[in-house]
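Subject: A structure for you to look at

Hello,

Here is the structure I promised to pass on to you. Please open it first, and then read on for what turned up in it.

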Amino acid sequence: MVLLQPDPFLSELTNMYERSTEKGSVWVTFKRSSMKSKVARNKMESKGEAIEFRCLIRATDGKKTISTSVSAKDHQRFQASYATVLKAHMHALKKRERKDKRKAADGDKKQESVKKPSSKKASL
């Protein structure tokens, strides 16, 4: 796994999306991380030092894995750039088939009226 700076990470992520346009997937995960071992975190907590948490972002296409770490102050800028990359590569998604709501509702009403017997009792 390669730890990149945020801008090279986004350009490599763009390349991953372009390679997987016809076939394949790209998985992106976000995780809260301090980038320190558990022992080091425990020592910092016992001394009363503040622990700076970062956002660890990983991306993989099954063959190659890349990652980056973003601080809290850079997170907004990174999210905006990441959103731009996502919007640019959403065209490969397949459209979901949906029924027209009015036609579906009319069809349901017709089926209910056919299924329900009349509540009037026949007189003998």
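This is a predicted model: local features need pLDDT of at least 70, side-chain atom pairs count only at pLDDT 80 or more; totals for chains, interfaces and linings use all residues.

To start with a question: are Phe78 and Tyr82 buried or exposed? Both Phe78 and Tyr82 are buried.

**The layout**

The protein chain has 124 residues, and 23% of them are buried. It contains four helices and four strands. Read from the N terminus, the order of these elements is β-α-β-α-β-β-α-α. Among contacts with a separation of 6 or more, 63% are between residues 24 or more positions apart. The accessible surface of the chain is about 10,500 Å², and carbon and sulfur atoms account for 52% of it.

**The aromatic rings**

The structure has three aromatic pairs. In one of them, the ring centres of Phe9 and Phe78 are 6.2 Å apart and the planes stand at 40 degrees, so this pair is tilted. Phe9 belongs to helix 1 and Phe78 to helix 3, and the pair links distant parts of the chain, 69 residues apart. Phe9 is buried, with a relative accessible area of 0%, and Phe78 is buried as well, at 2%.

Phe78 also pairs with Tyr82: their ring centres are 6.2 Å apart and their planes are at 5 degrees, so the pair is stacked. Phe78 and Tyr82 both sit in helix 3, four residues apart, which is about one turn of the helix. Taken together, Phe9, Phe30, Phe78 and Tyr82 make up one aromatic cluster.

A further ring to look at is that of Phe53. Arg32 lies over the face of Phe53, at 3.7 Å from the ring centre.

**The salt bridges**

Side chains of opposite charge can pair when their charged atoms come close. How many salt bridges does a search of the whole structure find? The search finds five.

One of them joins the side chains of Asp7 and Arg77, with 3.6 Å from N to O. Asp7 is partly exposed at 49% relative accessibility, and Arg77 is partly exposed at 44%. Helix 1 and helix 3 are also the elements that hold Phe9 and Phe78.

Another salt bridge is formed by Arg19 and Asp61, whose closest N and O atoms are 3.6 Å apart. Here Arg19 is in helix 1, while Asp61 is in the loop between strand 3 (54–60) and strand 4 (65–70), and the two are 42 residues apart. Arg19 is partly exposed, with a relative accessible area of 47%, whereas Asp61 is buried, at 19%. Arg19 and Asp61 also take part in a network of salt bridges that links them with Glu12 and Lys64.

The side chains of Arg54 and Glu52 form a salt bridge too, at 3.9 Å from N to O. Arg54 is partly exposed at 26% relative accessibility, and Glu52 is exposed at 52%.

**Around Ser69**

Arg54 has a further partner. A polar contact of 2.7 Å joins the side chain of Arg54 to that of Ser69. Ser69 is in strand 4 and is buried, with a relative accessible area of 12%. Which residues are in contact with Ser69, once its neighbours within four places in sequence are left aside? They are Leu3, Leu4, Pro6, Met35, Arg54 and Cys55.

**Helix 2**

Last, please have a look at helix 2, which covers residues 38–47. Of its 10 residues, the number buried is one, so helix 2 lies largely in the open. Helix 2 is followed by Gly48, which has a positive phi, near 85 degrees.

Best wishes

Conventions. Residues are numbered from 1 along each chain as its sequence is written. Side-chain values use heavy atoms; hydrogens and water are left out. Buried means under 20% relative accessible area, exposed over 50%, partly exposed in between (1.4 Å probe, protein chains only). Contact means heavy atoms within 4.5 Å. Accessible areas come from the Shrake-Rupley method with a 1.4 Å probe; for residues, only the protein chains shown count as cover. A salt bridge is a side-chain nitrogen of Lys or Arg within 4 Å of a carboxyl oxygen of Asp or Glu. Rings of Phe, Tyr and Trp (its six-membered ring) pair if their centres lie within 6.5 Å; planes under 30 degrees apart count as stacked, over 60 as edge-to-face and the rest as tilted. A charge sits over a ring if NZ of Lys or CZ of Arg is within 6 Å of the ring centre and within 35 degrees of the ring normal. A polar contact is a pair of N or O atoms within 3.5 Å; within protein, one must be able to donate a hydrogen and the other to accept it, and residues adjacent in sequence count only if both atoms are side-chain atoms.
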